[in-house]
Amino acid sequence: MKITSAKYLISVVDKNKLLNDGVCEFAFVGRSNVGKSSLINNLCGIKGLAKTSSTPGVTKMINYFDINDGSLRFVDLPGYGFHKAGKTNQKMWAGLIEDYLLNSENLKLVLFLLDLRHEPSELDKVMFNFLIQTQRNFVIVATKADKLSKAQQFLAKQKIAKSLKVREELVFLHSSLTNQGKEELLNFIGNSVF
Ligand SMILES: Nc1nc2c(ncn2[C@@H]2O[C@H](COP(=O)(O)OP(=O)(O)O)[C@@H](O)[C@H]2O)c(=O)[nH]1
Ligand SMILES: [Mg+2]
């Protein structure tokens, strides 16, 4: 798939305001700082589209992006697991992610992000198990692949698949720095649009 246009659409903080117009959505889920916004920007080829930050935990809303003039949408979900956010905020953001995963009628595929260098944390596993329970289609995107050698990447991918008990084919490697995995992901997304 080729992305020819990408635009920020709207941010939503209320589960009753989720968009509901039949446009296919691809949602990005992962802890704060794992690289959700960078992945969206990389796939779209626009640097500042989704706000990236070295200050983790700033995305508290569901951010919608229009791709290819109404053909599909990317949905940047709040990052979980930012310890300085406080328990109340944590709960609210996790709640928003869960509301979206449970209720969105447009959701086609969840891209579940993990840092390739680390095994999934307890919180990652909680969120992943929740995702499994929703029975949504998903792939795992292992981010920041540029930080490892090819040999290390291979092993790290095996570890992640094993830890989450998923087939290795469901784990995609990606780097926003080198564009590794970009085409492969875009093709997978393109093939998932009805
Ligand atoms: N080396 C490297 N750094 C990355 C990559 N993706 C994201 N980052 C960095 O990780 C930090 C968090 O990225 P961001 O996209 O804001 O994460 P988010 O909180 O999940 O949206 C930023 O400093 C990014 O520059 C990547 O593929 N390679
Ligand atoms: Mg972000």
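Mentor: One definition to begin with: helices are DSSP runs of H or I with at least four residues, strands are runs of E with at least two, and both are numbered from the N terminus. Please also keep in mind that this is a predicted model.

Trainee: OK, then what follows H1?

Mentor: Helix H1 is followed by Gly-45, and the phi of this glycine is positive, near 70 degrees.

Trainee: Which residues other than glycine have a positive phi?

Mentor: Asp-69 is one of them, with a positive phi of about 50 degrees although it is not a glycine, and Asn-179 is another, with a positive phi of about 70 degrees. Asp-69 lies in the loop between strand E3 (62-67) and E4, whereas Asn-179 lies in the loop between strand E7 (171-173) and helix H5 (182-192).

Trainee: Is Asp-69 buried or exposed?

Mentor: Asp-69 counts as exposed, because it has 10 C-beta neighbours inside 10 Å and the cut-off for exposed is 12 or fewer. Asn-179 has 13 other C-beta atoms within 10 Å, so it is partly exposed.

Trainee: Back to the big picture: what is the order of the strands in the sheet?

Mentor: The order is E1-E3-E4-E2-E5-E6-E7, in an open sheet of 7 strands with mixed pairing. Strand E1 (6-12) and E7 are the edge strands, each of them pairing on one side only. On average, and with direction ignored, neighbouring strands of this sheet are turned by 25 degrees against each other.

Trainee: How many bridges pair E2 with E4, and how many with E5?

Mentor: E2 and strand E4 (residues 72-76) pair in the parallel sense over 5 bridges, and E2 and E5 likewise pair in the parallel sense over 5 bridges. Phe-28 stands opposite Asp-76 in E4 and opposite Leu-111 in E5, while Phe-26 has Leu-109 in E5 as its bridge partner.

Trainee: And what joins E5 to E6?

Mentor: E5 and E6 run parallel and are joined by 6 bridges; Leu-111, for instance, has Val-139 in E6 as its bridge partner.

Trainee: Which strands does H1 touch?

Mentor: H1 packs on the sheet and touches E1, E2, E3, E4, E5 and E6, with its direction making about 155 degrees with that of E4.

Trainee: How many residues of H1 are buried?

Mentor: The count is 9 of the 9 residues, so H1 is largely enclosed by the rest of the structure. Those buried residues include Lys-36, Ser-37 and Ser-38 as well as Leu-39 and Ile-40.

Trainee: What does Ile-40 touch?

Mentor: If residues up to four places away in sequence are not counted, Ile-40 touches Phe-28, Leu-49, Ala-50, Phe-65, Phe-74 and Asp-76. Ile-40 and Phe-28 are also among the residues with the most contacts inside the largest nonpolar core, which has 45 residues. Strand E5 (residues 107-115) gives the most to this core, with 6 residues.

Trainee: And how many residues of E5 and of E2 are buried?

Mentor: E5 is mostly covered, with 7 of its 9 residues buried. For strand E2 (residues 24-29), the count is 5 of the 6, so E2 is largely enclosed by the rest of the structure.

Trainee: Changing topic, what surrounds ligand 1?

Mentor: There are 21 residues around ligand 1, and the closest are Gly-35, Lys-36, Ser-37, Ser-38 and Thr-52. Helix H1 (residues 36-44) gives the most to this shell, with 3 residues.

Trainee: How do the residues of that shell divide into nonpolar, polar and charged?

Mentor: The shell around ligand 1 divides into 3 nonpolar, 14 polar and 4 charged residues.

Trainee: Last one: where is Asn-137 found?

Mentor: Asn-137 is in the loop between helix H3 (122-134) and strand E6 (138-143). It is exposed, with 11 other C-beta atoms within 10 Å.

Trainee: And which residues is Asn-137 in contact with?

Mentor: Leaving aside its neighbours within four places in sequence, Asn-137 is in contact with Lys-108, Leu-109 and Val-110.

Key:
Residues are numbered from 1 along each chain as its sequence is written. Chains are lettered from A and ligands numbered from 1 in the order in which they are written. This is a predicted model: local features need pLDDT of at least 70, side-chain atom pairs count only at pLDDT 80 or more; totals for chains, interfaces and linings use all residues. A residue is buried if 20 or more other C-beta atoms lie within 10 Å of its own, exposed if 12 or fewer, and partly exposed in between; C-beta atoms are placed from the backbone. Two residues are in contact if their C-beta atoms, placed from the backbone, lie within 7 Å. A nonpolar core is a set of buried Ala, Val, Leu, Ile, Met, Phe, Trp, Tyr and Cys residues joined through C-beta atoms within 7 Å. Two strands pair if DSSP finds at least two bridges between them. A residue is near a molecule or strand if its C-beta atom, placed from the backbone, lies within 6 Å of it. Ala, Val, Leu, Ile, Met, Phe, Trp, Tyr, Cys and Pro count as nonpolar, Asp, Glu, Lys and Arg as charged, and the others, Gly among them, as polar. Axes are lines fitted to C-alpha atoms, for helices over the stretch in contact, and angles run from 0 to 180 degrees between N-to-C directions.
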